[in-house]
Amino acid sequence: MAQQLEYYSGNRKQRVTVQGLFSSRQSSRSRTGEVQPMAFRVRPQSEGRQVLRLLAAQPSSVLSRFAVVSETTTMIQPVQPGDTTVIPTDTIAVLGAKTAELTWARREYGLTVVQEGSNGKVLLAVPGDADSPPLVGAEAARRLVERGSVEGAHPNFLRLVQRPGPGTTAETDQWGLDNDGTPGVAGADVAAEAAWTISTGDPAVKVAVLDEGVDTTHRYLQAAVSAERDFVDGNPTAQPDGDDAHGTACAGIICSRGSTVRGLAPGVGLVAARIAKSDGGDGWIFDDFNTADAIDWCWREGAADVLSNSWGGGPPVDVMTAAFRRARTRGRGGKGAVVVIAAGNQQGPVSYPGTLPETLTVGASNQWDQRKTTSSKDGESWWGSNVGEGLDVMAPGVSIVTTDISGRRGYSPRQTTPSFNGTSSATPFAAAAAALVLSVRPDLTEAEVREVIVSTTDHIGTGKPGWSKFVGHGRLNAFAAMRAARRR
Amino acid sequence: MSPDGAYYWAGGRRIPLEPAGDVVVDLESDAAVKAASTTPSLRAEGKALSTSMVMVSRAAADRALGEAAASAAGVHPVYRAEDGTLIAVLPEVRVEGDARSLEQIRQSLGAAHVTERTDERLVLAPDSGRGEDALALANRIAETGTADVAQARFIRVLARPEP
């Protein structure tokens, strides 16, 4: 049952719609004089569940502030994630109250002064035996204002604001897909919404993610998985170890099928190849031979049309170079699998294997369509996208919302994360775009797919249009690439 | 040129390898495992590369294994690339090419043997079981120009790409 609680603020009547209930008992003192934490008995209602969960998660230091909440029942306002919850209490705040007004309030409503603040603020409490203290308090506040002798009076709300921090402000803001400019520049994205008017991806088109494993049981990814293999430990699946969340995040950018966290090509298939593992610290361990075998398996047994590689570093080796060449020349029945590789995050030269010719090497852009640098507007001063020979396109690579491994060992405690970063996140955007192009034109060769993608980018940066060592050919535009492919 | 002259070939270029003097790889072998089993601290303080491999400090390896382990087929060299990547060289060489070339190489192996063969690939192991010898074998094959690829097995330890 929804009720409205009215009060004045700024000479205008305000309304708070309250739904849902929770019961509370005030904190009390034990016989030894020790203050006992307040116990909450919550009665979940569909409208108020998020608030109730939020309340239940509060530390005792916060809960102790609820001593002013009605002892029996009070009302809560339903919230959406990220909103502020206000909880009417059995107190009202009065500004500039004269003694005569306080006397009136005591006589009419039984209000008593419980706290005097600075600058003429007074906190008045509704009697504990009132039928519905928040409503009584709100009515008293309204009438005090209407009498015209106080500067202001309103219910004293408790506010539950989700603490700002990673993952709380933009949990579903997939700016890389559709950037509304908050923050950044509207349209600094890969034009996903427009691309989806053409296709969200053909299930017959498969993208391989070569990484430290993919949680192929993830509810947003599971349905897309067509093949998986572990080239590190020989396990039957490509499940990652421990806190190895990188591959799962990459896969989500390509083909997450969640309603709120969506990949760029949610209709395509996923091939997962585990090629690396954590060294227990901040390092990754690769066996070059196993990685070469994984590349071959992806295009051959996995029948992948696109290979997404969000990894790199160290010197070149011929075994991997040759395997990538085979993917490009023998994959897809000879039309070639598209090889997409991250440029790297050191703000230095593009790292191997991104240096290989005839691959699609991807750098990172931000919400302002800038190349990600240590001084770009996004404020992440600890990394920058690599530059130079080999760089082909830019794609979103800052604060990317995507899938995450389950539990506390992932990037976030939830099954999604709002803060995946780096050319690692830019690369799967380009891989997904290649998959969308192949969804509408499966007859194209891998070279034609790359040509379509680099020739339809949006110009970014301050230089002249065309290739530059800082931003390659420009920022990926999946819609433009698909449209060009159809017209080709 | 690196102090010990180590190098390999990639993309037709000779790439020098700088020894990472502070680490070696303890590959599973009877000698190394036996030595390690008597010094649990070696594995405890090392960095596990797989269930059978631990990367340990040179000092710890010296302490635990001594000269005996160093001369056994259980300790392999580790190099450091320009970008800081560590590269451990294992005693295995992969050779790719056409059947005629592979056969030609097989017939002139010297102190090495074939462990796997397909139409397009030979996998070789130096008889010594040493990583340095695998590197030398791969280089010798690469320098004859008979193979498309001749590469010793590298394990690389990279920084995670997570800014």
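Strand β16 of chain A pairs with strand β12 of chain B, residues 149–159. The two run antiparallel, and 5 bridges join them. Within this pairing, Trp284(A) has Leu158(B) as its bridge partner. The model is predicted.

Arg153(B) and Asp287(A) meet through their side chains, N to O at 2.8 Å. This pair crosses between chains: Arg153(B) sits in β12 of chain B, and Asp287(A) in β16 of chain A.

**Interface totals**

The size of an interface is often given as the accessible area lost when the parts come together. Here the area buried between chain A and chain B is about 3,000 Å². Carbon and sulfur atoms give 51% of that area. Chain A brings 42 residues to the contact, and chain B brings 34 residues.

Side chains of opposite charge can pair when their charged atoms come close. How many salt bridges are counted between chain A and chain B? The count is 9. Over all chains, a search of the whole structure finds 30 salt bridges.

| Pair | Distance |
|---|---|
| Arg326(A) and Glu96(B) | 3.1 Å |
| Arg153(B) and Asp287(A) | 2.8 Å |

Polar contacts across the interface of chain A and chain B come to 20 residue pairs, with both residues at pLDDT 80 or more. Which elements of chain A give two or more residues to the side that touches chain B? They are the strands β15 (276–278) and β16 (283–287), with the helices α7 (288–299) and α8 (318–330). By class, that side of chain A has 16 nonpolar, 13 polar and 13 charged residues.

**Annotated site**

UniProt, in an unreviewed entry, places the feature "active site" at Asp211(A), His246(A) and Ser424(A). These positions are spread over 214 residues of sequence, yet they cluster in space. The largest C-alpha distance among them is 10.1 Å. Asp211(A) lies in strand β12 of chain A, residues 206–211.

**Backbone points to check**

Chain A has a cis peptide bond between Thr182(A) and Pro183(A), with omega about 0°. Pro183(A) lies in the loop between β11 (152–160) and α5 (192–196) of chain A. Ala191(A) is also found in the loop between β11 and α5. What is the phi of Ala191(A)? It is positive, about 60°, although Ala191(A) is not a glycine.

Another cis peptide bond runs from Tyr352(A) to Pro353(A), with omega near 5°. Pro353(A) is in the loop between β18 (338–342) and β19 (360–365) of chain A.

Notes
Residues are numbered from 1 along each chain as its sequence is written. Chains are lettered from A and ligands numbered from 1 in the order in which they are written. This is a predicted model: local features need pLDDT of at least 70, side-chain atom pairs count only at pLDDT 80 or more; totals for chains, interfaces and linings use all residues. Side-chain values use heavy atoms; hydrogens and water are left out. Contact means heavy atoms within 4.5 Å. Buried area is the accessible area (1.4 Å probe) that two parts lose on being put together, summed over both. A salt bridge is a side-chain nitrogen of Lys or Arg within 4 Å of a carboxyl oxygen of Asp or Glu. A polar contact is a pair of N or O atoms within 3.5 Å; within protein, one must be able to donate a hydrogen and the other to accept it, and residues adjacent in sequence count only if both atoms are side-chain atoms. Helices (H or I, at least four residues) and strands (E, at least two) are DSSP runs, numbered from the N terminus. Ala, Val, Leu, Ile, Met, Phe, Trp, Tyr, Cys and Pro count as nonpolar, Asp, Glu, Lys and Arg as charged, and the others, Gly among them, as polar. Two strands pair if DSSP finds at least two bridges between them. UniProt positions are given in the numbering used here, feature names are shortened, and annotations may be inferred rather than shown by experiment.
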